[in-house]
Amino acid sequence: MKMVFVVARVLLGLIFFIFGMNGFLHFLHMPPPTGLALQFMGVLSASHYMVVVFALQVVGGLLLLIGRFVPLALTLLAPVIANILLFHALMAPSGLPLGVFALLLWFVIFYGVRTAFAGILSPVWPVSR
């Protein structure tokens, strides 16, 4: 099981590091979206919102690749994955399989470090004085 965790961590790290760096360096040519997805991406680009998203992808991917602060990396990447899934489910369905694959990898890694999230997944919490 440890090997599955390591493979999932490295794969997800590569995906986010490479695509995050591509947002800054544009070394992978991707066809532009069409219709509503094009308008949405145009607004996100014009507002520089995507700079923050790409930075989160690079940092989260790098943390996964080096194997340090993995729970932090998962916390940074969870909203990015949610937005990827929503974007592709609602506006550009062709990219949905990669989003679902990233989500599955995220859950495999989460399962491996689930004890780090024990406090936030507890239905009760201790009250500090």
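**Stop 1: the largest pocket.** Start by selecting M41, M50, F54, F87 and H88, the residues that lie nearest the centre of the largest pocket. The lining as a whole consists of 43 residues, and the elements that give two or more residues to it are α1, α2 (35-46), α3, α4 and α5. The space in this pocket is about 1,400 Å³. Keep in mind that this is a predicted model.

**Stop 2: H88.** Keep H88 from the previous selection and hide the rest. H88 sits in helix α4. Is H88 buried or exposed? H88 has a relative accessible area of 17%, and because the cut-off for buried is under 20%, H88 counts as buried. Now show P93, G95 and L96: leaving aside its neighbours within four places in sequence, these are the residues in contact with H88.

**Stop 3: the whole chain.** Zoom out and colour by secondary structure. The protein chain has five helices and zero strands, so that reading along the sequence gives the pattern α-α-α-α-α. Its C-alpha atoms fill a box of roughly 50 × 35 × 25 Å, taken along the principal axes. The chain has 129 residues, of which 31% count as buried. As for contacts with a separation of 6 or more, 68% of them are made by residues 24 or more positions apart.

**Stop 4: helix α1.** Select residues 2-25, which make up α1. This helix has 24 residues and reaches 34 Å from its first C-alpha to its last, close to the 34 Å expected at 1.5 Å a residue. Show side chains for its buried residues, which are F5, A8, R9, L12, G13, I15, F16, G20, N22 and G23. An α-helix has 3.6 residues a turn, so residues three or four places apart point the same way. Which helices do the buried residues of α1 pack against? They pack against α3, α4 and α5. Just after α1, look at H26, which takes a positive phi of about 55°.

**Stop 5: the largest nonpolar core.** Select L12, F16, L64, L74 and I109. These are the residues with the most contacts inside the largest nonpolar core, which has 25 residues. The elements that give two or more residues to this core are α1 (2-25), α3 (49-66), α4 (70-90) and α5 (96-112). The most comes from α4, with seven residues.

Leaving aside neighbours within four places in sequence, L64 is in contact with R9, L12, G13, V70, A73, L77 and I109.

**Stop 6: Q57.** Move to Q57, found in helix α3. Q57 is buried, with a relative accessible area of 7%. What is in contact with Q57, leaving aside its neighbours within four places in sequence? Show F16, F17, F19, G20, L77, V80 and I84. Two of these, F16 and G20, also belong to the buried residues of α1, and L77 is in contact with L64 as well.

**Stop 7: two loop residues.** Most residues other than glycine have a negative phi, and most peptide bonds are trans. Select H48, in the loop between α2 and α3. Phi of H48 is positive, near 65°, and H48 is exposed, with a relative accessible area of 57%. Next select F69, in the loop between α3 and α4. F69 is not a glycine, yet has a positive phi of about 55°. F69 is exposed too, with a relative accessible area of 54%.

**Stop 8: a distance across the chain.** Finish with T34, in the loop between α1 and α2. T34 counts as exposed, at 64% relative accessibility. Draw a distance line from the C-alpha atom of T34 to that of I120: the two atoms are separated by 40 Å, and the residues are 86 apart along the chain.

Key. Residues are numbered from 1 along each chain as its sequence is written. This is a predicted model: local features need pLDDT of at least 70, side-chain atom pairs count only at pLDDT 80 or more; totals for chains, interfaces and linings use all residues. Side-chain values use heavy atoms; hydrogens and water are left out. A nonpolar core is a set of buried Ala, Val, Leu, Ile, Met, Phe, Trp, Tyr and Cys residues joined through side-chain atoms within 4.5 Å. Buried means under 20% relative accessible area, exposed over 50%, partly exposed in between (1.4 Å probe, protein chains only). Helices (H or I, at least four residues) and strands (E, at least two) are DSSP runs, numbered from the N terminus. Contact means heavy atoms within 4.5 Å. The expected span of a helix is 1.5 Å times one less than its number of residues. On a 1 Å grid over the protein atoms alone, a cavity is a set of points where a 1.4 Å probe fits but cannot get out, and a pocket is an open set with protein on both sides within 12 Å along at least five of seven lines; lining residues have an atom within 4 Å of a point. Grid points are joined across faces, edges and corners, and a volume is the space filled by probe spheres set on the points.
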